[in-house]
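Here are my notes on the model, in the order I'd go through it on screen. Have the viewer open and follow along.

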Amino acid sequence: MMARALRLAEKGAYTTRPNPMVGCVLTQGEVVVGEGFHVRAGEPHAEVNALAAAGGQSRGATAYVTLEPCAHTGRTGPCADALIQAGVARVVAAMRDPFIQVDGEGFAKLEAAGIRVESGLMQSQARALNRGWLSRLERGRPWLRIKLATSLDGRSALASGESKWISGEASRLDVHRWRARAGAILTGAGTVLIDDPSLTVRFEDDTAFEPPMRVVLDPGLATVARGRVREGGAPTLYLHAPDAKPPRGMAAQTAVAPVHEGRFDLDAVLRLLAQREINEVQVEAGATLAGAFLAAHLVDEILLYVAPVLLGDRARPLFDGLHIDEMTQRLNVQIVDTRRIGDDVRLLLQPQAPSA
């Protein structure tokens, strides 16, 4: 039942942010009498949708929910109160809600009403599902994913910077689903100048999604003449150095980020995005910015598409600026997932914490 609730929760992957994905299944014994998931911030939560589907069958039921029911009033009322009023007898939650206005208060309210509460069932899966939201709450910064395409010889672009297209069409379509679950697509000034990307989400079907913000790291605002990153319905944010002056009438948001010796303080950049309620950031940039994030130990996962091509030794590497001279300095990664996407192989990797 909890696995079913987690699958329901994931249906909100493209629409719930900045809220977490939550699913709920109501049962009478082994029979499912209602289920629901949180679709969009400001709309009913998973428990309320499940209760509406169950109707009068909620009384005496067990609720399997992927996150502790909320106990506060935001844009919607407390889910704990809704469960109590519906006469639910037992609540099984995958995990406690670390949000300061909940954090155990939902469980306490349910128990005070005589409802049996259990938590921890499939907790690791629930945390993995909402890793971005949890990262923002617990670490004060978004979950950072770097998307890269590489040749078999580990090259990400030709010496000129040209990279269209290393990966195949199937991989490029797959990237849009990862973009859609991110709160922001981040790139650097160099990528904008060379490729003039739009960084939007494009689906071939009618999949619903909230457009992620496009973020350009541009210390001197040298790329504002490139317009594709500002086209379409997605918002755009330029982060620049304190001494740069945005041009008048610029159709995009701008914000100052700390710059030291010509380079952005990347940790500060991520914290600034967290303040804007960004849960996940997907970086789509060149080897310099990708290497800077990796060297700063800010990368949570790498989405790597490996194409069956060779680009030669004059082509650019995946990551620049790592300065590894000895095997003891190497950066280890864990392979989380491997699958075939068209003619390419997609790897999901997680860098490991540096050893002492």
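1. A definition before anything else: two strands count as paired if DSSP finds at least two bridges between them. Strands (E, at least two residues) and helices (H or I, at least four) are DSSP runs, numbered from the N terminus. By that rule β17 and β18 pair antiparallel over eight bridges, and Arg-339 sits opposite Arg-346 in β18. The two strands make a hairpin with two residues between them, and Gly-342 in the turn has a positive phi of about 60°.

2. Some housekeeping. This is a predicted model, where local features need pLDDT of at least 70 and side-chain atom pairs count only at pLDDT 80 or more, while totals for chains, interfaces and linings use all residues. Residues are numbered from 1 along each chain as its sequence is written, and side-chain values use heavy atoms, with hydrogens and water left out.

3. The sheet. Nine strands form an open sheet with mixed pairing, in the order β11-β10-β9-β8-β14-β6-β15-β18-β17. β11 (253-256) and β17 (333-341) are the edge strands with a single partner each, so one side of each has no neighbour in the sheet. From one strand to the next the twist averages 20° (axes are lines fitted to C-alpha atoms, for helices over the stretch in contact, and angles run from 0 to 180 degrees between N-to-C directions).

4. Pairings within the sheet. β15 and β18 run antiparallel and are joined by five bridges, with Tyr-305 partnered by Arg-346 in β18. Strand β8 (residues 184-188) pairs with β14 in the parallel sense over three bridges, and Ala-184 has Val-281 in β14 as its bridge partner. Helix α7 lies across β6 (143-150), β8, β14, β15 (301-306), β17 and β18 (344-351), at about 165° to β15.

5. How enclosed is strand β10 (residues 236-240)? Five of its five residues are buried, so the strand is largely enclosed by the rest of the structure (buried is under 20% relative accessible area, exposed over 50%, partly exposed in between, with a 1.4 Å probe and protein chains only). Thr-236, Tyr-238 and His-240 point one way, Leu-237 and Leu-239 the other. In general, side chains in a regular strand alternate between the two faces of the sheet. β10 is joined to strand β9 (residues 213-217) by four parallel bridges, with Arg-214 opposite Thr-236. It also pairs with β11 in the parallel sense over four bridges, where Leu-239 is partnered by Ala-255.

6. In α1 (residues 2-10), Met-2, Ala-5, Leu-6, Leu-8 and Ala-9 are buried. They cover an arc of only 160° around the axis, which puts them on the same side of α1 (the arc is that of the directions from the helix axis to the C-beta atoms). Their cover includes β1 (23-28), β2 (31-37), β3 (62-65), β4 (90-93) and α5 (123-129), contact meaning heavy atoms within 4.5 Å.

7. An unreviewed UniProt entry lists "binding site" residues, including Ala-149, Trp-165, Asp-195, Leu-289 and Ala-290; its positions use the numbering here, feature names are shortened, and annotations may be inferred rather than shown by experiment. The listed residues span 144 residues in sequence and the farthest two C-alpha atoms are 23.5 Å apart, so they do not all gather at one spot. Leu-289, in helix α10 (residues 287-295), is buried at 16% relative accessibility and contacts Leu-186, Thr-187, Gly-188, Leu-217 and Leu-266, leaving aside neighbours within four places in sequence. Ala-290 also lies in α10, is buried at 0%, and with the exclusion of residues up to four places away touches Ile-146, Leu-148, Leu-318 and Phe-319.

8. Ser-163, in the loop between β7 (155-157) and α7 (169-181), is partly exposed at 24%. Glu-284, in the loop between β14 (280-283) and α10, is buried at 8%. Among the residues Glu-284 touches, not counting those up to four places away in sequence, are Lys-147, Arg-179 and Thr-191.
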